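Thanks for asking me to look this one over. Here are a few notes to read alongside the coordinates.

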Amino acid sequence: MCAAGCRPAAPTPPNILLITLDTTRADHLGTYGDREARTPNLDRLASQGVVFEHAVAAAPITLPAHVSLFTGMYPFMHGVRNNGNFSLSDRLPTLATALRSAGYGTAAFVSAFVLDQRYGLARGFDEYDDRVSLERRGDRTIAAAADWLTAHAALGTPLFMWVHLYDAHDPYDPPPPFRELFPDRAYDGEIAFDDAMVGRLLDRFDALGLRRSTIIAVVGDHGESLAEHGEATHGMFVYESVLRVPMMVAWQGHLPPRRVPAVVRAIDLAPTLLDLASQPALPGAQGQSLAALARGGRIGPESAYGETYFPLFYMNWAPLRSIQDGRWKFIDAPAPELYDLSIDPGEQMNLAPLEPARVAALRRALDQLTGGRAGVMSRRPIERDTAQKLAALGYIGAAESGVARTPDSGWRDPKDMIGVFNQIRRANAAVEQRRPAEGERIARGALARDPDNAFATIVLANAEMEQGRYRDAIATYRRYAELVPLSADAHHRIAVCFSRLGDVDRAVAEEDAALAIDPRDAEAHELRGGLLAGRGRLDEAVRELRTAIEIEPVNALFRIGLARALITAGRLDEAEAEVRRALELHPASADAHAASAAVAAGRNRFAAAAAEYEQALRLRPDYDDVRFDFARTLERLGRREEAAAEYRRLASNAATPPEIRNAARQRLR
Ligand SMILES: [Zn+2]
């Protein structure tokens, strides 16, 4: 109760919950008309809030799309044009930095490595939970977010939470019961799972009594092609299948339910949330507040822009940019496209040849918006482990290390080349799944249609290497290095081929070339160290191997390689320390146990060595060189019968390498 004369406290600003649904098409939610969808929680939220029926993402790629959501800027302005090799400049304000300076407690919970804090979105968050190796399922992300909410709800400061769910991204593999509920539509099963997760988080808001004091926004970062226009997933095109996203804002008791048919943009969401929360506008934002529109106003944005530089960065094909006014949509491609979305929402009838004046007007609008330039490119170097992680998430090849030249004949048009792109994806998958001959055949087919394609080239080289055709692979990697001159990886792979051919000098020279391009290439240091150790240049070798470990301290195999070199150099104490660390990292590593045995044998502690060898062989019975060393150790212990049994096993096994088989036969005489 307020005593007479006291003044009402300033109203506490509302909490803000922002949920981004990765790879979620608007038209696969119930509230956007999909009758087969099972999205009761999102549908209920939509019925209580404002639904933007035609919201357009800025890019069909996770990181650029999210940076646009947070800065209210188009990618040509904030400069993040791709995943992995771009990051947000720390000079640009974001929704999170604005809310934190307004006194909000802030936390983010992301579900995929592509949104790791290294890419610049963590600024402004008190807590940025990116404890994700590649991706994490929505239930774990939601659990972390709900815990944080419970811990912070009672503190009295307004809260801003961002929760990112990645489940709808391919591969589609929904957990039960959604797998069973959607036997033929796994993508929709993933969306249904995410809907259930959203419901779980909203329940927590309800349980804490926060619903009326919280603005809840849900938005897709981009959609998914699902084979429309020949594209399986997203990235290559800017059609509505990937640009049209669900977008809704609910604030119980403050924002009456409404459906807004006007075209709006994902970049409008942050300005809208700040406006609704009575906060100052975001400096530099190109988006505008939709608060008036949400309250029944009529004036929305004039146009919506979308872009993808994915075709350029990955394939050296033309980037695509689109502009639309809600009805007419223009795509600036080598063969320009114009669609009347009012009668052709699937963008099947290209009207550009019939409507040159409209094309010219939209092209002018596009040039006016972008200044006729590509815009800001906020690049960052790409680490090898990043490249590997991105590749594991399906971002094949993980982008260029320096775009090749513009071809004399101009860029190729992605819509003519999507078949080649699909071929390269298939070829890459075949090589990854140990079907290199098939991968080679498909990659050659792609190269016949696009001879300078760097990705098809490296996939072909990998396929040749996997088949043991090292000389062919070297020639193909050299071709790749011509196309992508800044690729340290190309030289490293050539070095691997030379080392398998036994040509140590050339292998070392290629690692020198790799390290000249990228001095932090751990695998290049590691192989170079191994090669030098084989040459007896042990001090240099140890230095190289230590550099590799310094770059990748948690790589157990690097430590085992170093331990091996140290054993050869007679530096057993140091070797033992490396083995111990390797075993801590990987207690079930046969290589680590074998190295541990070698250290013990070096100290003439043969009983301990035999026990470690046995442990290694239990883990990897196919390690014939380890078995041979084990048998030698048994001999030294006087356990001749057991030693003979091991030698016989090696001598009689056709799979044993001939040199080990012969050595075993020698010992049996
Ligand atoms: Zn995404």
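This is a predicted model: local features need pLDDT of at least 70, side-chain atom pairs count only at pLDDT 80 or more; totals for chains, interfaces and linings use all residues.

1. Along the principal axes, its C-alpha atoms fill a box of roughly 100 × 75 × 45 Å.

2. Of the contacts with a separation of 6 or more, 59% are between residues 24 or more positions apart.

3. Next, a pair of helices. The axes of α20 (residues 522-534) and α21 (residues 538-551) come within 8 Å and cross at roughly 160°. Since angles over 145 degrees count as roughly antiparallel, α20 and α21 are therefore roughly antiparallel to each other. The crossing of α20 past α21 is left-handed. On the α20 side, the residues making the contact include H525, R528 and L532; on the α21 side, A541, E544 and L545 are among them.

4. Which residues of α23 are buried? They are A575, E578, V579 and A582. Viewed down the axis of α23, these buried residues fall within an arc of 100°, so they line one face of the helix. An α-helix has 3.6 residues a turn, so residues three or four places apart point the same way.

5. What covers the buried residues of α23 includes α22 (556-568) and α24 (590-602). On the other side of α23, D573 and E584 are exposed.

Definitions and conventions: Residues are numbered from 1 along each chain as its sequence is written. A residue is buried if 20 or more other C-beta atoms lie within 10 Å of its own, exposed if 12 or fewer, and partly exposed in between; C-beta atoms are placed from the backbone. Helices (H or I, at least four residues) and strands (E, at least two) are DSSP runs, numbered from the N terminus. The arc is that of the directions from the helix axis to the C-beta atoms. Two residues are in contact if their C-beta atoms, placed from the backbone, lie within 7 Å. Axes are lines fitted to C-alpha atoms, for helices over the stretch in contact, and angles run from 0 to 180 degrees between N-to-C directions. Angles under 35 degrees count as roughly parallel, over 145 as roughly antiparallel, 65 to 115 as roughly perpendicular and the rest as oblique. A crossing is left-handed if the near helix is turned anticlockwise from the far one by less than a right angle, and right-handed if clockwise.
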